[in-house]
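Work through each task before reading its solution.

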Amino acid sequence: MKTFWCTVLRLGALLSTLMLNSAWAAAPSAILLTADRVWTGDGQIHRGWGVLISQGKIAAVGPIAQLSPPADTEQIALPGKTLLPGLIDLHSHVLLHPYNETSWDDQVMKEAVEYRTILATRHAADTLQAGFTSLRDLGSEGALYADVAIRKAIDAGVIPGPRLSVATLALVASHTYGPAARNFRPDMDVPHGAQEVSGVDAAVKAVREQSSHGADWIKLYADYRTGPDGSSRATFSQEELNAIVRTAHDSGRRVAAHAGTDEGMRRSVLAGVDTIEHGYGGTAATFRLMAERKVVYVPTLTASEAVSEYFQQHVRGTAPTPSMQAAASAFKLARQLGVIIGCGSDVGVFKHGTNVRELAWMVKLGMRPNEALLSATSVAAEVLGKGNELGQIKAGWLADLIAVEGDPSVNIGALEQVALVMKGGVLYRRPALK
Ligand SMILES: [Zn+2]
């Protein structure tokens, strides 16, 4: 009897091994994507091309007849669609949600970091579904190091989301950032939206601290609404900025500067930052300096529109408010003067998963759709320091790809109709089987 049961058990074990093996055997070793058009990131549309993906990377791209897929390759045909590299948003806040739902002050002061982190997992999933496969997340806005944990969960495959480059707490000059002390009893201590530092030593120490906790980027606020009348003024001194940038660069990290005033921008550029965020008040002289030094401009045009909607009764599609006009003029001036422009929206201020609004704005203000696509793919990948693995459909590059309905190099609105999303060779969205 004992022998009988042993045999049954052995047979069972053998059967499950066989089933496991057959499950492995059934998984294709490669995926071949074919679409009406392939936009590889070199600015051209290729017809009759396909992309072969294997082991998380792009194995080959070219005319379909010239590709040699293995026998068990899964083929996904995408008629009517365009394949392009996964999109990149260079300015996001996955730990924020729109201010017309909850004010920024209330998010920072009243929402638990745990709650904000749970919301952020939803935001990350929505972003990926919308075709954005990488984000540079510029500050947790009071949610401590939660961005590092979210990045870890995404990388480990625990939750779906884009590749994240995170800035953690961000650096602000002491007593310059929100929630603003003037709105509270003077003896009240409210949570801070970023790490407050004054002086070169404290600034250097904070850069090292954030780096050690997992920051990929250092984000600083070069100006803020600290003037007696609430106007924006430069906050950090030149010496403080120089020290922050030097320390970050020494550690192999790049620096993003929030700067809306010309003085904040100028000081940041002189200090050697890598990108300027917003830049609505930039003069020709400062944009020229940026062009010369190849400092990238991230215009965040959608944030300007969203804030106008929330606080100035702006109705989308109607005449722009003065702040939107300032953003539009800065964008046009920067383009005229040859400043490199990277796509960054400040999403979080507005709804996650609608990042594509930024590309629509750039086109509305004069960019050709092709240029806008480059700013959200190969140009953005260079900004991230990942120009040799992301932002193009190229053999050997990571398989971050999307397919959209129609041709976004002619009509940028096509990006709103995402049919397929792949990150690292894994499909997160695919057309329904007919
Ligand atoms: Zn921001």
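Axes are lines fitted to C-alpha atoms, for helices over the stretch in contact, and angles run from 0 to 180 degrees between N-to-C directions. Helices (H or I, at least four residues) and strands (E, at least two) are DSSP runs, numbered from the N terminus. The model is predicted: local features need pLDDT of at least 70, side-chain atom pairs count only at pLDDT 80 or more, and totals for chains, interfaces and linings use all residues. Residues are numbered from 1 along each chain as its sequence is written.

**Exercise 1.** Determine how helix 5 is oriented relative to helix 6.

Solution. Step 1: helix 5 (residues 200–212) and helix 6 (residues 238–250) pack at about 30°, and their axes are 9 Å apart. Step 2: helix 5 is therefore roughly parallel to helix 6 (angles under 35 degrees count as roughly parallel, over 145 as roughly antiparallel, 65 to 115 as roughly perpendicular and the rest as oblique).

**Exercise 2.** Determine how helix 9 and helix 10 are oriented to each other.

Solution. Step 1: the angle between helix 9 (residues 301–311) and helix 10 (residues 322–336) is about 170°, with the axes 9 Å apart. Step 2: these two helices, helix 9 and helix 10, are therefore roughly antiparallel.

**Exercise 3.** Compare the span of helix 6 with its expected span.

Solution. Step 1: the expected span is 1.5 Å times one less than the number of residues. Step 2: helix 6 has 13 residues, and its span from first C-alpha to last is 18 Å, close to the expected 18 Å. Step 3: just after helix 6, Gly-252 has a positive phi of about 85°.
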